[in-house]
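Subject: Structure handover and notes

Dear colleague,

I am passing on the structure that follows, together with notes on what was found in it. Please read the notes with the structure open beside you.

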Amino acid sequence: MSHYSEISVDIKDNQCLIETLMEIFNISKDNIEVHQSPVNLYDMVGSMRPQQAHIIVRRQYVGIAANDMGFLKMADGTFKIIVDQYSQTTLGYNQKWLKKLKQNYTTRVATKTLQKNGNKVTQEKLPNGMIKLSVKVRD
């Protein structure tokens, strides 16, 4: 059995998290499970694990021989990512991946907030991997 790690992240917006997961895993919204109450994760052979999560990317979308990846909503509204050791070390769901997840999520939250205030936002991915947001403030 693979060991699971729990990684606390300052992610609170469910919709922005789901959109981020859709982009990072290149899957549709239908392939991401969202639950009011946490449900169990499964390992690579389909056995139920004791770890639970509210938002789940099932193993077939995580990678070959992977376990499910989950996002457990905490009492303060933030999430803990629940990911197995194999996925971190072999499939690349490591600190570099976590940085990409946070960057994508933060960009989505900023864009959503700015657009909600009536501003027009455009994004540009720079050669160094950074994302540049340009904002046209509403009149």
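Glu 33 forms a salt bridge with Arg 58, their closest N and O atoms lying 2.7 Å apart; a salt bridge here is a side-chain nitrogen of Lys or Arg within 4 Å of a carboxyl oxygen of Asp or Glu. Since Glu 33 lies in strand 2 (residues 32-42) and Arg 58 in the loop between strand 3 and helix 2 (59-62), the pair ties together parts that are 25 residues apart in sequence. Helices (H or I, at least four residues) and strands (E, at least two) are DSSP runs, numbered from the N terminus. Glu 33, at 24% relative accessibility, counts as partly exposed, whereas Arg 58, at 13%, counts as buried; buried means under 20% relative accessible area, exposed over 50%, and partly exposed in between (1.4 Å probe, protein chains only).

Before going further, please note that this is a predicted model, in which local features need pLDDT of at least 70 and side-chain atom pairs count only at pLDDT 80 or more, while totals for chains, interfaces and linings use all residues. Residues are numbered from 1 along each chain as its sequence is written, and side-chain values use heavy atoms, with hydrogens and water left out.

A search of the whole structure finds 6 salt bridges. One of them joins the side chains of Asp 13 and Lys 112 (2.7 Å, N to O), and this pair links distant parts of the chain, with Asp 13 in the loop between strand 1 and helix 1 and Lys 112 in helix 4, 99 residues apart. The side chains of Arg 108 and Glu 19 also meet in a salt bridge (3.5 Å, N to O), which connects helix 4, where Arg 108 lies, with helix 1, where Glu 19 lies, across 89 residues. Arg 108 and Glu 19 belong, together with Glu 23, to a network of salt bridges.

The aromatic residues deserve a separate look. The whole structure holds 3 aromatic pairs, where rings of Phe, Tyr and Trp (its six-membered ring) pair if their centres lie within 6.5 Å, and planes under 30 degrees apart count as stacked, over 60 as edge-to-face and the rest as tilted. The ring centres of Tyr 93 and Trp 97 are 5.1 Å apart and their planes stand at 85 degrees, so the pair is edge-to-face.

Finally, strand 5 has 5 of its 6 residues buried, so it is largely enclosed by the rest of the structure. Strand 1 (residues 4-9) runs antiparallel to strand 5 and is joined to it by 6 bridges, with Val 9 standing opposite Phe 79; two strands pair if DSSP finds at least two bridges between them. Strand 4 and strand 5 also pair in the antiparallel sense, over 4 bridges, and the bridge partner of Phe 71 in strand 5 is Ile 81.

With best wishes
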